[in-house]
Amino acid sequence: MDRIGLPEEGRARDDVLAEIALMQREDVDWKAGRAWSLVYHVDDELLRLLEAAYSMALLDNGLSGSAFPSLERMERDVSAMTADLLHGGGAVCGNVTSGGSESILLALKTVRDRAVASPFAPQRPEVVLPRSAHPAFNKAAHYLGIRPIRVEVDSEMRADVPAMEAALGPNTILVVGSAPSYPHGVIDPIADLANIATQRNVMLHVDACVGGLLLPFARDLGREIPPFDFAVEGVTSMSADLHKYGYAAKGASVVLYRDADVYRYQPFEFDGWPGGRYSAPNVAGTRPGGAVAAAWAAFHFLGRAGYVDLTRRALEASDRLIAGITAIEDLRLLGAPVVTLLAFAADGAREAAIAGQLLQRGWRVSVQSEPASLHLTVTAGHLNVVDDFLRDLEWAVEGAKREPDRLAPVAYN
Ligand SMILES: *Cc1c(COP(=O)(O)O)cnc(C)c1O
């Protein structure tokens with residue numbers, strides 16, 4: 001790392017902010033719809049609301065509900081509303097976390113601790129998941145000493161239920177399904193996974209990080225969405241990110257459990273230091289109040305009608321992209337995406353070369369592997385740029401043939 005000392009003297013406020021803005025000029029231009037992942041943006045009006053709400057709780061600390069009953073209340077509201085969208089009955093418990101990865105880590109920790117406390121505690125607990133599940137599961141398993149077993153998906157990129165069943169063993173504590181999966185936007189057969197999990201008496205986590213605030217509204221719009229949430233008996237926990245299709249500020253997700261009997265294994269309590277009884281529901285100690293306030297503001301500003309409308313716009317953008325991509329001769333869609341996460345492959349040019357061309361025009365698409373494809377996360381804000389993107393995509397496919405070595409990196413992020 002470079003050695004950089006703290007400036008001796010401070011600088012003027014405008015000077016400091018101007019330098020940040022200067023650095024940001026190198027960033028992907030998500031306000032102009034150029035980012036096809038990472039940022040979920042609608043428009044200036046919502047952005048201003050998130051800013052205002054976030055700054056109202058900028059220094060507030062969600063570690064203490066007694067000092068900040070406002071945060072406790074807002075956290076309870078957004079957790080309960082998310083649970084309600086996901087058919088959680090009155091028994092469902094959960095809370096806000098810093099993101100999908102923390103929600104997933106906590107879900108695995110909770111299930112592990114519950115398993116360890118049982119008289120049939122496995123030697124080395126295992127989690128069985130489809131190959132398309134998010135890397136956060138492997139990360140969590142690595143942290144927690146759980147063995148992850150990834151199982152190949154079927155030809156439609158969905159969890160292969162018989163293969164998953166075959167992977168279950170005496171040490172399995174958890175089965176995972178995604179609704180939808182990030183790479184291909186397909187929903188795993190959650191009801192079938194619930195059947196095998198229930199039969200073996202293991203838990204089932206549904207990762208709705210990307211779908212939790214999208215699929216319920218897509219269903220309102222008449223899309224065919226198979227049961228994927230707590231409506232399915234046997235789903236024991238779920239994750240849903242507010243900072244994705246909840247269109248909230250970064251740092252907000254919800255983890256949910258079917259009942260308190262599972263949730264009670266999540267919080268950590270400690271008394272063996274001089275600082276007083278310490279208790280934290282999450283991995284984080286100090287927790288940013290702003291992220292909770294911004295999520296609460298988004299829920300109340302948009303309401304169900306607002307989310308349905310944003311989902312309608314994202315789906316329209318997505319449908320037009322699918323039609324446009326399919327119409328470009330060398331491109332074909334992978335799987336049959338149910339909502340707004342699209343993957344497409346190319347014949348005659350490498351995907352990474354197409355992404356490399358697109359980058360020259362400011363578009364940032366991710367390059368996936370096995371099978372090679374390009375990935376788009378389509379949001380409501382993208383509706384304005386569909387035609388521009390498709391025009392540049394066609395240009396990029398040709399450009400990739402001329403310049404096959406100008407590659408974008410193969411990466412999720
Ligand atoms: C984004 C995502 C995650 C991880 O969430 P972070 O907020 O990035 O930590 C997990 N699962 C799925 C399906 C996701 O799309």
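This is a predicted model: local features need pLDDT of at least 70, side-chain atom pairs count only at pLDDT 80 or more; totals for chains, interfaces and linings use all residues.
Local features need pLDDT of at least 70 and side-chain atom pairs count only at pLDDT 80 or more, while totals for chains, interfaces and linings use all residues. Residues are numbered from 1 along each chain as its sequence is written, and side-chain values use heavy atoms, with hydrogens and water left out.

**View 1. Salt bridge between D319 and R223.** A search of the whole structure finds 30 salt bridges (a side-chain nitrogen of Lys or Arg within 4 Å of a carboxyl oxygen of Asp or Glu). One of them joins D319 to R223, with the closest N and O atoms 2.7 Å apart. D319 belongs to helix α10 (residues 289-327) and R223 to the loop between α8 (215-220) and β6 (237-241), so the bridge ties together parts 96 residues apart in sequence. Helices (H or I, at least four residues) and strands (E, at least two) are DSSP runs, numbered from the N terminus. D319 is partly exposed at 35% relative accessibility, and R223 is partly exposed at 28%. Buried means under 20% relative accessible area, exposed over 50%, and partly exposed in between (1.4 Å probe, protein chains only).

**View 2. Salt bridge between R277 and E269.** The side chains of R277 and E269 meet at an N to O distance of 2.5 Å. R277 is exposed, with a relative accessible area of 58%, whereas E269 is partly exposed at 47%.

View 3. The closest N and O atoms of R320 and D387 are 3.2 Å apart. This pair links distant parts of the chain, with R320 in helix α10 and D387 in helix α12 (residues 386-402), 67 residues apart. R320 is partly exposed at 32% relative accessibility; D387 is exposed at 52%. Both residues belong to a network of salt bridges that also includes D309, R312, R313 and E316.

**View 4. Open sheet in the order β10-β11-β13-β12.** The sheet has 4 strands and its pairing is antiparallel; two strands pair if DSSP finds at least two bridges between them. Strands β10 (331-333) and β12 (366-368) stand at the edges with a single partner strand each, so one side of each has no neighbour in the sheet. From one strand to the next, the twist averages 35° (axes are lines fitted to C-alpha atoms, and angles run from 0 to 180 degrees between N-to-C directions).

**View 5. Pairing of β12 with β13.** Strand β13 (residues 373-377) runs antiparallel to β12, and 3 bridges join the two. S366 stands opposite H375 in β13.
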